[in-house]
Amino acid sequence: MKLATYRQNGTERIGAVCGDRVVALSDIGFAEATMQELIRNTDPAVFAAAETKDRLQVALDAGKSVPLGEVELLAPIPHPAQDVLCLGINYMDHAAESARARNQAFDGKREQAVYFSKRVNEATGDKADIPLHADITSRLDYESEFAVILGKDADHVSREDAWKYIFGYTIINDVSARDVQNLHQQWHFGKSLSGACPMGPWIVTVDEFACPPAVGIRSYVNGELRQNSNTALLIFGVDFIIEELSHGMVLQAGSIISTGTPSGVGMGMNPPQFLKDGDEVVCEIDGIGRLTNTVRA
Ligand code: MG
């Protein structure tokens, strides 16, 4: 099921998306007001159950839905409780392109995962703007990423059990200021500028994906295909990441893990092409949808 957070007549709601319409979850028996509460309180298997799908159909038939075009989609988790956990260079082709962009040799080996975090006061929803931040960066870049939402607290979880801890998946554009990232020799600041975490357009619950998920991941800038890969090519997969991190820290329900980006970012082009005022960036993942944002000065 596709689960969205949206604003309708000034009120923030959570709902189930069916085609081009959304049904408030309160109309199909869920009392939670926010996605964070829903994730913490609900086994995602509920959203795969026939009973829930029947209730959704009854609500649709009764006219209890609104067109998506009449609401403002927000990021599915508009205010993450903690920093987003991110994987660096987790596709081999992006590892090679990153080394090339830095004039470094690449030995073709990735033996350890690279982890960093991205501070997000407010995640950016579908169709909202990405600030250009021209006063601090002239090298703003996009990164289309497959993101995992944990459904319950994960502490010392094995790789085999990791799938049971996942609530669903969404798309993140890990917007990155390359010059800030390099200047400080640590990625946190350059990855954490305000408005630099487009997320959405919704969460798709875990039951709609294989384990491990093998879905196409792409990005487009002004309609031009830039990234085109598949999550089956992740070097460190979702189950590995949950096992490794949960052996050193408790990953709380609602945690967001962004699994890294494939090659085709602006930094890796020859010559590099960074984002400009007015550019439209689309991040697309099969089985989830398209996350579209426009860069604004
Ligand atoms: Mg990234």
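The legends below describe close-up views of a predicted model.

Local features are taken at pLDDT of at least 70 and side-chain atom pairs only at pLDDT 80 or more, while totals for chains, interfaces and linings use all residues. Residues are numbered from 1 along each chain as its sequence is written, and side-chain values use heavy atoms, with hydrogens and water left out.

**View 1. The magnesium site.**
Glu143 (OE), Glu145 (OE) and Asp174 (OD) are the protein donors of the magnesium ion, at 2.0 to 2.1 Å from it. Donors are N, O and S atoms within 2.8 Å of the metal (3.2 Å for Na, K and Ca); water is not among the atoms, so sites may look incomplete. The sequence spacing of the donor residues is E-x1-E-x28-D. Glu143 sits in the loop between β9 (140-141) and β10, and Asp174 in the loop between β11 and β12 (176-177). The pair links distant parts of the chain, 31 residues apart. Helices (H or I, at least four residues) and strands (E, at least two) are DSSP runs, numbered from the N terminus. Glu143 and Asp174 are both buried. Buried means under 20% relative accessible area, exposed over 50%, and partly exposed in between (1.4 Å probe, protein chains only).

**View 2. Aromatic pairs.**
The model holds 7 aromatic pairs. Rings of Phe, Tyr and Trp (its six-membered ring) pair if their centres lie within 6.5 Å; planes under 30 degrees apart count as stacked, over 60 as edge-to-face and the rest as tilted. Phe47 and Phe167 are edge-to-face, because their ring centres are 6.0 Å apart and their planes are at 75°. Phe47 lies in the loop between α1 (35-41) and α2 (50-61), and Phe167 in strand β11 (residues 166-173), 120 residues apart. Both Phe47 and Phe167 are buried.

**View 3. Phe146 and Phe209.**
The ring centres of Phe146 and Phe209 are 6.2 Å apart and the planes are at 65°, so this pair is edge-to-face. Phe146 belongs to strand β10 (residues 144-150), while Phe209 is in the loop between β13 (199-205) and β14 (216-221), 63 residues apart. Phe146 is buried, at a relative accessible area of 1%. Phe209 is buried as well, at 11%.

**View 4. Charges over rings.**
Lys152 lies over the face of Tyr165, 4.8 Å from the ring centre. Arg290 lies over the face of Tyr220, 5.6 Å from the ring centre. A charge sits over a ring if NZ of Lys or CZ of Arg is within 6 Å of the ring centre and within 35 degrees of the ring normal.

**View 5. The largest pocket.**
The largest pocket has a volume of about 320 Å³. On a 1 Å grid over the protein atoms alone, a pocket is an open set of points where a 1.4 Å probe fits, with protein on both sides within 12 Å along at least five of seven lines; lining residues have an atom within 4 Å of a point. Grid points are joined across faces, edges and corners, and the volume is the space filled by probe spheres set on the points. Of its 26 lining residues, Ile89, Ser98, Arg102, Gln181 and Trp187 are the closest to the centre. Two or more lining residues come from each of β6 (84-88), α3 (92-101), α4 (178-183) and α5 (187-191). α3 gives the most, with 4 residues. His94, Ala95, Glu97, Ser98 and Ala99 of α3 are buried. After α3 comes Asn103, with a positive phi near 55°.

**View 6. Cis peptide bonds.**
Cys211 and Pro212 are joined by a cis peptide bond, with omega about 0°. Pro212 is in the loop between β13 and β14. Asn270 to Pro271 is also a cis peptide bond, with omega near -5°. Pro271 is in the loop between β16 (256-258) and β17 (280-285).

**View 7. Positive phi in two loops.**
Lys127 is not a glycine, yet its phi is positive, about 80°. Lys127 lies in the loop between β7 (114-118) and β8 (129-131), and is exposed, with a relative accessible area of 60%. Asn222 has a positive phi near 50°. Asn222 is in the loop between β14 and β15 (224-230), and counts as partly exposed at 46% relative accessibility.
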